[in-house]
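This report covers helix packing, salt bridges and a few backbone details. The structure comes first, and the description follows.

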Amino acid sequence: MKLLDIFGTLKKDMNVIERELSRSIDTEHALLNETSLHLLKAGGKRLRPAFVLLGGKYGNYDLERLSNVAVPLELIHMASLVHDDVIDDAQTRRGQLTVKSKWDNRIAMYTGDYIYAKALAIVARLENPEIHRVLAKAMVQMSIGEMEQIRDFFNTDQTIRRYLLRIRRKTALLIAISCQLGGLAADAPREVTRQLYRYGYNVGMAFQIRDDVLDLCGTEKQIGKPPGSDLRQGNITLPVLYALQDNSLREPLLAEINRIHQANGETDVKQAVQMVRGSQGIEQAEVLADRYIQKAMDALKQLPSGKTQKHLQEIAHFVAKRSH
């Protein structure tokens, strides 16, 4: 099932959001305009705006008001990707050259800063202080998550709990507040926004775990970047951590990871990828992702039944089984 099929009746409103995204980062500065639009034109799932709109269905649905949440959240996501690509020295994303690759690190960093600033300017149109508090807190946690990831590059001794805390900050929180803020902006009942957050958090955790599995098992065409990119960058993900728990595999896998580290990622990672694929690490990671999806479904059971609940269920199933 494709996301476009799941969004269904949201298509018209999502088209409005897409236009607002382009309009929001338009600037008379030619270079900044080009770099800002570069990632936007590469496309994306637009999950965060969709979650905002779906969350808004549980209250007083007002597209103009909701767009002042949906657009900033997608911009924040985009800005974080531009910065991530600098840290990770990534050459491609979504099958396109990254901003840092097409231009340089300095241009990429300032482009990300600009997009962050535009996001904050748009959300400032809303007078609800709780929306600003929730967003600011999440952005702080995202920054901490990025710092933790840098600190843990090539750290094969990190615990699974540490990994989960990192992806909570890096990925799950922004998806969680996308659901929550949609409800808040629409004045949905407090318990509804709480369950929306719970749903989004668990979907976000599953989303990142699935992303980490795809990095090892997907093709370059599917994921828009070379398989094993995380290992090359030193990002030790959940399937690798599980694989390292296999006593028969631990020493040779550690040796491969150390070899990649010594080469600063400028080497072939196929052997390490094959080791992880041949372990139980992939299956164990998928089992944990499924547990998070089940928790998301449990949260949905606390929400009013109807089309919106069904859409959220379908998105959760898409996240669990996605191949791109």
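Helices (H or I, at least four residues) and strands (E, at least two) are taken as DSSP runs and numbered from the N terminus. Arg 194 and Glu 191 both belong to helix α10 (residues 190–217), where they are 3 residues apart, about one turn of the helix. The model is a predicted one, in which local features need pLDDT of at least 70 and side-chain atom pairs count only at pLDDT 80 or more, while totals for chains, interfaces and linings use all residues. Residues are numbered from 1 along each chain as its sequence is written, and side-chain values use heavy atoms, with hydrogens and water left out.

## Salt bridges

A salt bridge is a side-chain nitrogen of Lys or Arg within 4 Å of a carboxyl oxygen of Asp or Glu. The whole structure contains 15 salt bridges.

| Pair | N to O distance |
|---|---|
| Arg 23 and Glu 20 | 2.2 Å |
| Arg 194 and Glu 191 | 3.0 Å |
| Glu 314 and Lys 310 | 2.6 Å |

Accessibility is given here as relative accessible area, with buried meaning under 20%, exposed over 50% and partly exposed in between (1.4 Å probe, protein chains only). Arg 23 and Glu 20 are separated by about one helical turn, because they are 3 residues apart in helix α2. Arg 23 is exposed, at 53% relative accessibility, and Glu 20 is partly exposed, at 25%.

Which helix holds Glu 314 and Lys 310, and how many residues apart are they? They lie in helix α17 (residues 307–321), 4 residues apart, so about one helical turn separates them. Glu 314 is buried, with a relative accessible area of 17%, whereas Lys 310 is partly exposed at 48%.

## Helix packing

Two packed helices are described by the angle between their axes and the distance between the axes. Axes are lines fitted to C-alpha atoms, for helices over the stretch in contact, and angles run from 0 to 180 degrees between N-to-C directions. Angles under 35 degrees count as roughly parallel, over 145 as roughly antiparallel, 65 to 115 as roughly perpendicular and the rest as oblique. A crossing is left-handed if the near helix is turned anticlockwise from the far one by less than a right angle, and right-handed if clockwise. Contact means heavy atoms within 4.5 Å. For residue classes, Ala, Val, Leu, Ile, Met, Phe, Trp, Tyr, Cys and Pro count as nonpolar, Asp, Glu, Lys and Arg as charged, and the others, Gly among them, as polar.

Helix α2 (residues 11–24) and helix α4 (residues 47–56) cross at roughly 130 degrees, and their axes come within 11 Å. α2 is therefore oblique to α4. The crossing of α2 past α4 is right-handed. On α2 the contact involves Asp 13, Met 14 and Ile 17, and on α4 it involves Pro 49, Ala 50 and Leu 53. This contact of α2 with α4 has 5 nonpolar, no polar and 1 charged residues.

Helix α7 (residues 105–123) packs with helix α8 (residues 129–151) at an angle of about 165 degrees, the axes being 11 Å apart. The two helices, α7 and α8, are therefore roughly antiparallel to each other. Their crossing is right-handed. Tyr 116, Leu 120 and Val 123 of α7 make the contact with Ile 131, His 132, Leu 135 and Met 139 of α8. By class, the contact of α7 with α8 has 6 nonpolar, 1 polar and no charged residues.

His 132 of helix α8 is partly exposed, with a relative accessible area of 28%. Leaving aside residues up to four places away in sequence, His 132 touches Val 123, Ala 124 and Leu 126. His 132 and Gln 280 are 148 residues apart in sequence, and their C-alpha atoms are 43 Å apart in space.

## Positive phi in loops

Asp 187 is not a glycine, yet has a positive phi of about 60 degrees. Asp 187 sits in the loop between α9 (160–185) and α10 and is exposed, with a relative accessible area of 54%. Asn 264, not a glycine, has a positive phi of about 55 degrees. The loop between α14 (247–262) and α15 (270–277) holds Asn 264, which counts as exposed at 63% relative accessibility.
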